[in-house]
Each structure stands twice: as structure tokens, then as C-alpha cells.
Amino acid sequence: MIDFPKARAKMVEEQIIERGIKDPRVIAAMKKVPRHLFVEEALQSQAYNDHPLPIGEKQTISQPYMVALMTEAMELKGKERVLEIGSGSGYQTAILAEMAQEVFSVERIRSLAIRARKLLYDLGYFNVEIKIFDGTYGWAEKGPFDAIIVTAGSPDISQPFYDQLSIGGRLIIPVGNSDVQDLFRITKTEEGMKKEDLGGCRFVKLIGRYGWEGE
Ligand code: SAH
């Protein structure tokens with residue numbers, strides 16, 4: 001039997017804290033959320049390893065460090081309304097639910113969305129709403145958002161995301177080609193768009209109207 005809490009504590013120490021993640025709320029959330037429950041049973045022994053894992057439908061749960069880096073970049077204090085594009089396994093959604101007031105998440109693949117919804121509900125995350133739709137449109141009716149996180153690689157910064165940010169709001173998005181991207185933090189200010197490059201990354205494709213074309 002694997003000691004999951006112990007594996008999780010080790011993951012947070014070696015992959016998150018030692019690599020420079022400082023936000024105590026990100027660290028606390030990653031210590032708490034049982035990541036192994038977000039992958040199928042056969043992969044649970046690898047859930048705390050330093051890499052992404054398949055979640056079915058050719059999609060992946062992101063590497064723990066990438067989740068931490070992106071979440072820290074959102075600068076959440078607890079009262080925010082946030083939007084996630086790409087619910088996938090629901091793991092990043094759970095981290096956000098720990099750290100913000102309300103989490104809206106959009107997933108285009110029905111089977112993934114349904115599984116994530118059920119798991120999050122079973123774990124007691126009642127401040128989450130998941131919609132099955134093309135998330136490149138954002139979720140205008142629920143905006144504006146204090147932070148938006150896109151967990152799939154985009155060809156561009158799609159206009160709906162920027163439009164749905166509140167002033168001071170942050171958009172965390174991987175932008176590049178379908179193979180490698182750079183992670184950007186876009187901040188909406190009174191003076192316009194502020195853009196910061198947070199480094200290289202590798203995500204599955206954001207597929208939709210303002211993303212890549214589907215297969
Ligand atoms: N945050 C997820 C990562 C999942 S991988 C996790 O922690 O598990 C990226 C996800 O984005 C996939 O599930 C994929 O289906 C989804 N996706 C891709 N394009 C999308 C779009 N236009 N709208 C919504 N979801 C999309």
C-alpha cells in the first residue's frame with residue numbers, strides 16, 4: 001500500500017517548495033488536495049511524480065510544478081471569482097476551489113467534465129461550476145473574472161479572455177505552437193495590457209473557435 005499523504009508531502013517539498021514556489025496558500029492547497037484521486041487507479045502510484053499523466057481522451061493532468069507555478073501567478077487571496085478553461089481531471093479546479101471564492105470551469109470533452117464534476121462534488125467542493133462547451137469563448141455570463149487560467153496551449157491570446165477580465169485581473173495562458181508554448185501572465189490595467197513571459201511549457205492543444213482546429 002502506498003502512503004499517499006506521505007507521497008504528497010514529499011512532492012510539495014521537493015517539486016514545489018524547493019523549486020521556488022512561495023505563496024503559502026498554493027503550498028497549503030497542494031498539500032491538501034488528494035491528487036491521486038484525479039487519475040485512474042492503475043496510475044495512482046505515479047500521481048505524485050514529477051510529470052503529467054494521461055487522463056483519457058488523449059488529455060493529461062498537468063505536472064504538479066506547472067499547476068503550482070500557474071496558480072501562484074494568479075495571485076489569489078481568497079475572495080476572487082475565477083475562470084478555468086480545460087477542467088480535464090478537475091485537479092487544477094480543486095486547487096482553485098481551495099484558494100478562491102468561486103470557480104467556473106469549462107471543458108469541451110463531455111466524459112471528462114462529468115467525471116470531474118462528480119469527483120469535485122464528492123470531495124466537497126461546492127464552490128465550483130463546470131460547463132461543457134468550447135471554452136475559447138470564455139464564460140461571459142459569469143464574468144468579469146479576477147483571474148482566468150487556461151490549461152491548454154493556445155495559438156494566441158483570445159479576445160474573449162481579455163474582455164472577461166476585471167481591471168487588475170490576471171490571465172494565465174500558454175501561447176505558442178501546438179507543440180511548445182511560453183506561459184504568459186496578462187494583466188488588464190486602465191492603461192492597457194501588461195504582458196509577462198513566465199517561461200517555456202508544453203500543453204495539449206486548446207481546440208475551438210479561438211484556438212486550434214479539432215482533429
Ligand atoms: N487542468 C487540467 C488539465 C487538463 S488538459 C487538469 O488539471 O487535469 C487540458 C484540457 O483542456 C483537456 O481536458 C481538454 O479537453 C481541454 N480543452 C481543450 N480545448 C478546450 C476548449 N476550447 N474548451 C474547453 N476545454 C478545452
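Predicted model: local features only at pLDDT ≥ 70, side-chain atom pairs only at ≥ 80, totals over all residues.
**Entry 1**

I began with the strands. Seven of them make up an open sheet, and I wrote down the order as β5-β4-β3-β6-β7-β8-β9, with mixed pairing. Which strands stand at the edges? They are β5 (128-132) and β9 (192-201). Each has a single partner strand, so one side of each has no neighbour in the sheet.

**Entry 2: β6 and its partners**

Next I picked β6, which covers residues 145-150. In the strand order, β6 sits between β3 and β7. On one side, β3 (residues 81-85) pairs with β6 in the parallel sense, over four bridges. There I found Leu83 standing opposite Ile148 of β6.

I noted two bridge partners in β7: Arg170 for Ala147, and Ile172 for Ile149.

A reminder to myself: side chains in a regular strand alternate between the two faces of the sheet.

How many of the six residues of β6 are buried? I got five, so the strand is largely enclosed by the rest of the structure.

The bond from Gly143 to Pro144 is cis, and its omega is near -5 degrees. Pro144 belongs to the loop between β5 and β6.

**Entry 3: helices**

I then turned to α5 (residues 110-122). This helix lies across β4 (102-107) and β5, and runs at about 165 degrees to β5.

Is α4 mostly buried or exposed? Eight of the nine residues in this helix (residues 91-99) are buried, so the rest of the structure largely encloses it. The buried ones are Tyr91, Gln92, Thr93, Ala94, Ile95, Leu96, Ala97 and Met99.

Helix α3 (residues 64-73) is mostly covered as well, with nine of its ten residues buried. Among the buried residues of α3 I listed Pro64, Tyr65, Met66 and Val67. After α3 comes Glu75, which has a positive phi near 55 degrees.

**Entry 4: the ligand**

Which residues come closest to the ligand? I noted Ser89, Glu107, Asp134, Gly135 and Ile207, out of 25 residues that surround it.

Ser89 has a polar side-chain atom 2.6 Å from an oxygen atom of the ligand. Glu107 has a side-chain N or O atom that is also 2.6 Å from a ligand oxygen. With Arg108 the backbone takes part: one of its N or O atoms lies 3.3 Å from a nitrogen atom of the ligand.

How much of the ligand does the protein bury? Taken alone, the ligand exposes 580 Å², and 99% of that is buried by the protein.

**Entry 5: positive phi values**

Background for this one: most residues other than glycine have a negative phi, and most peptide bonds are trans. I went looking for exceptions in the loop between β1 and β2 (59-61), where Glu57 is found. Glu57 has a positive phi, near 55 degrees. Lys58 lies in that loop too, and its phi is near 60 degrees, again positive.

Buried or exposed? Glu57 has a relative accessible area of 46%, so I put it down as partly exposed. Lys58 reaches 70%, which makes it exposed, because the cut-off for that class is over 50%.

**Entry 6: two other residues**

I looked up Gln44, which is in the loop between α2 (24-32) and β1 (53-56). Its relative accessible area is 15%, so it counts as buried, because buried means under 20%. What is Gln44 in contact with? Leaving aside neighbours within four places in sequence, the list is Phe4, His36, Leu37 and Val39.

My last stop was Asp3, in the segment before α1 (4-17). Asp3 comes out as partly exposed, at 44% relative accessibility. I also took a C-alpha to C-alpha distance from Asp3 to Ile157: the two are 41 Å apart in space, and 154 residues apart in sequence.

Technical notes
Residues numbered from 1 in each chain as written. Heavy atoms only, no water. Pairing = 2+ DSSP bridges. Contact = heavy atoms within 4.5 Å. Axes fitted to C-alpha atoms, helices over the stretch in contact; angles between N-to-C directions. Near = heavy atom within 4 Å. Polar contact = N/O pair within 3.5 Å; in protein donor to acceptor, adjacent residues only side chain to side chain. Areas by Shrake-Rupley, 256 points an atom, 1.4 Å probe, with all protein chains shown as cover. Buried < 20%, exposed > 50% of the residue type's maximum accessible area, 1.4 Å probe, protein only.
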